[in-house]
Amino acid sequence: MALRRTLCRIGLVGLMAGLAVSADPRYFPAHAAAQSPEGNADRVVLLSPPPEVTDGEAVWRDCTAVTFNPCGLPVLPFLKLACADLDGDARTDLIAGGKDGRLTLFRSTDGNAWQADADYFAGVGEGAFAAPALGDLDGDGTVELIVGTGGFSSRSGQVLVYANAGTPAAPRWERWPDPVIDVGDDAAPAAVDYNFDGHCDLIVGNSTGHLTMLANDGRGRLAPEALPLALRRSFGMYATPGAFRLDQVVLLAVGSSMGKIAYFQLKRGARGLSVQPFAVTHPRRDFYAPLFVSLRQPDRLDLLLADGDGGVQYFEQKAPGVWAWTRNLQLFQNRLLPGPVCAPTRSRAGGRLRLVVGNMDGEVRAYEARTEAGNPPWQEWASYFLGVKVSGFARAVLTEWEGKEVVLVGQGNGVVAAWRNTGTAKTARWVAWPAFTAGVRVKGHSAPCLFDLDGDRREELIVGAADGRLAVYRSQSPRGGPPWEAASDCLGQIRVGGYAVPSFVRVAAAVWLFVGQQDGRIRLFVAPAGEAAAGGFKEAVMPEHVRVKGFASPWAEAGAGGEVDLYVGDYDGNLRHFQHGIRAPETRRPPDAHVD
């Protein structure tokens, strides 16, 4: 499973690199939704504000930091981190490199939460899979920014060096001229004085799992030198080193795609470097990127482990000079990691509010809301959907049918599968129920939802498809539910830019239809309630900030006060929450946890 997911995600990187540009507001023109209806014959209309509301007072707010991610660090697949106080406020900030080749600065607010500054490293980055490090290479007393490159770029495997020609508050990054350093493919550098000569050197991993040691002459000129015998091997694909010097010892950790980390002590010996391995126990994850850092106490050397799914684990050193760490269960843990290509829905089946999230691996996960201070806002109910799994790209809707819970799950092959809970709400026992969705299938990547379009108190089954279209199935039973029959006279005029994911909500006398699409945009179509079944939808303009980084999967709900909540999953595995409501004087927008 891990290998299949890895190959799938790496294989889509070229596609997503292009989508990252189109989904970035810095490169996407304002009101582009109105300029590119993509085959919809109806004109684009402006969304009217609710009754008795002055135009402009109805707004979309980003509530992600409150609902899903108080930490502020988004899910960044293949994450590699560096740490430093770049802005001089005495707090350690995070520098994040990801698969899009860009770097983002996350400023520490209180040591537990971070806010993104996406423009701090403007002009930095080449290709994809950026791996940052910091070190004073030329001995001038200021650190340089060192970036390893990867992916399918012509610069993959190079180490680029940038100097700040501006100030810490207003940086201006200038790349050192060629020649650049090339270590093969997918360079991942660590900056450390490994040979104890007082100059900052580099240890660089590559895609084959090998290391290169580059000695610095003190003026920024780096030259490869022979590896100690213990390091002359492959550590697994995509080796990523982390290193730190403590007086007369250098700690070296080497992660890889295999979920293992090799640890070494480097010491100066009579015949060169002495290398002594040691062991550390930690949970296994793919694509580990280790980093020695002190985020909590300046006199303690802690260990930070980032992984391929964007997860971050933080381990605190037990005592100075002791190479043993214990996991901090709070830091970086107050955010949801449902998995890549996540698709959220919400359910109140059985009288319990649950967040239901499918992902690329075909898994379906259940979360329940928590209100205790200091805890994550959602608690995963890990065993609830035990036995519910599809071939890939799951989108699940949990509902009730004849007093029993039923979950409908879309998947990559276009089939909509169904399971029935023959147990209880507390002890679920799911049994496959293929007859419930017999005959329901679309052209790849089915994304189901249920909604009563025609007001007959029987919900239609609406399914999004990979070609951007929506298929409607009407119940042929007076009780609703199966058997289903395809309805060709409804929603046929709507087509979006691939991988359509629909969600409906009734607002006053109108029906709003949200449809996510491949580039991360969310399209909105509005119809009078009485005309929804006849296809009377017209497109409304959505603001540019209500979007995600590829494969948008929205779920909409209406509140008692007239607000509309929009929960959205994206390709990377982030969950976002936007709310359309009436601007109140005390309203403050939470920190934006999204990085473009």
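Buried means under 20% relative accessible area, exposed means over 50%, and partly exposed is anything in between (1.4 Å probe, protein chains only). With that in hand, Cys490 counts as buried, because its relative accessibility is 2%. This is a predicted model, where local features need pLDDT of at least 70 and side-chain atom pairs count only at pLDDT 80 or more, while totals for chains, interfaces and linings use all residues. Residues are numbered from 1 along each chain as its sequence is written, and side-chain values use heavy atoms, with hydrogens and water left out.

**Core and cysteines**

- In soluble globular proteins, nonpolar side chains tend to be buried together.
- The largest nonpolar core here has 47 residues; a nonpolar core is a set of buried Ala, Val, Leu, Ile, Met, Phe, Trp, Tyr and Cys residues joined through side-chain atoms within 4.5 Å.
- Which members touch the most other members of that core? They are Leu453, Ile462, Leu491, Phe504 and Phe537.
- Take Leu453: leaving out residues up to four places away in sequence, Leu453 touches Glu460, Ile462, Val472, Cys490, Leu491, Phe504, Ala529, Ala532 and Ala533 (contact means heavy atoms within 4.5 Å).
- So where does Cys200 sit on the buried-or-exposed scale? Cys200 is buried too, at 14% relative accessibility.
- As for disulfides (pairs of cysteine sulfur atoms within 2.5 Å), searching the whole structure turns up zero.

- Helices (H or I, at least four residues) and strands (E, at least two) are DSSP runs, numbered from the N terminus, and two strands pair if DSSP finds at least two bridges between them.
- β12 and β13 (residues 201–205) run antiparallel and are joined by five bridges.
- Within that pairing, Val192 stands opposite Asp201 of β13.

**Two buried loop residues**

- Val390 belongs to the loop between β27 (378–380) and β28 (395–401), and its 9% relative accessibility makes Val390 buried.
- Apart from neighbours within four places in sequence, Val390 is in contact with Asp361, Gly362, Val409, Gly410, Gln411, Ala417 and Trp419.
- Val390 and Gln411 are 21 residues apart in sequence, yet their C-alpha atoms are 6.4 Å apart in space.
- Ser256 is in the loop between β17 and β18 (261–269), and Ser256 is buried at 0% relative accessibility.
- Not counting residues up to four places away in sequence, the contacts of Ser256 are Phe235, Gly236, Met237, Tyr238, Asp286, Phe287 and Tyr288.

- Most residues other than glycine have a negative phi, and most peptide bonds are trans.
- Asp247 has a positive phi, near 55 degrees, without being a glycine; Asp247 is in the loop between β16 (240–246) and β17 (249–255) and is exposed at 59% relative accessibility.
- Ala508 is not a glycine either, and its phi is positive at about 55 degrees; the loop between β36 (501–507) and β37 (510–516) holds Ala508, which is exposed at 71% relative accessibility.
- Pro482 and Pro483 are joined by a cis peptide bond, with omega about 0 degrees, and Pro483 is in the loop between β34 (470–475) and β35 (484–487).

**Aromatic rings**

- Rings of Phe, Tyr and Trp (its six-membered ring) pair if their centres lie within 6.5 Å; planes under 30 degrees apart count as stacked, over 60 as edge-to-face and the rest as tilted.
- The count by this rule is 26 aromatic pairs.
- Tyr120 and Phe121 make an edge-to-face pair, 5.1 Å centre to centre with 80 degrees between the planes; Tyr120 is buried at 4%, and Phe121 is buried at 3% relative accessibility.
- The pair of Trp433 and Phe436 is tilted, because the ring centres are 4.9 Å apart and the planes are at 50 degrees.
- Phe78, Phe129, Tyr238 and Phe287 make up one aromatic cluster.
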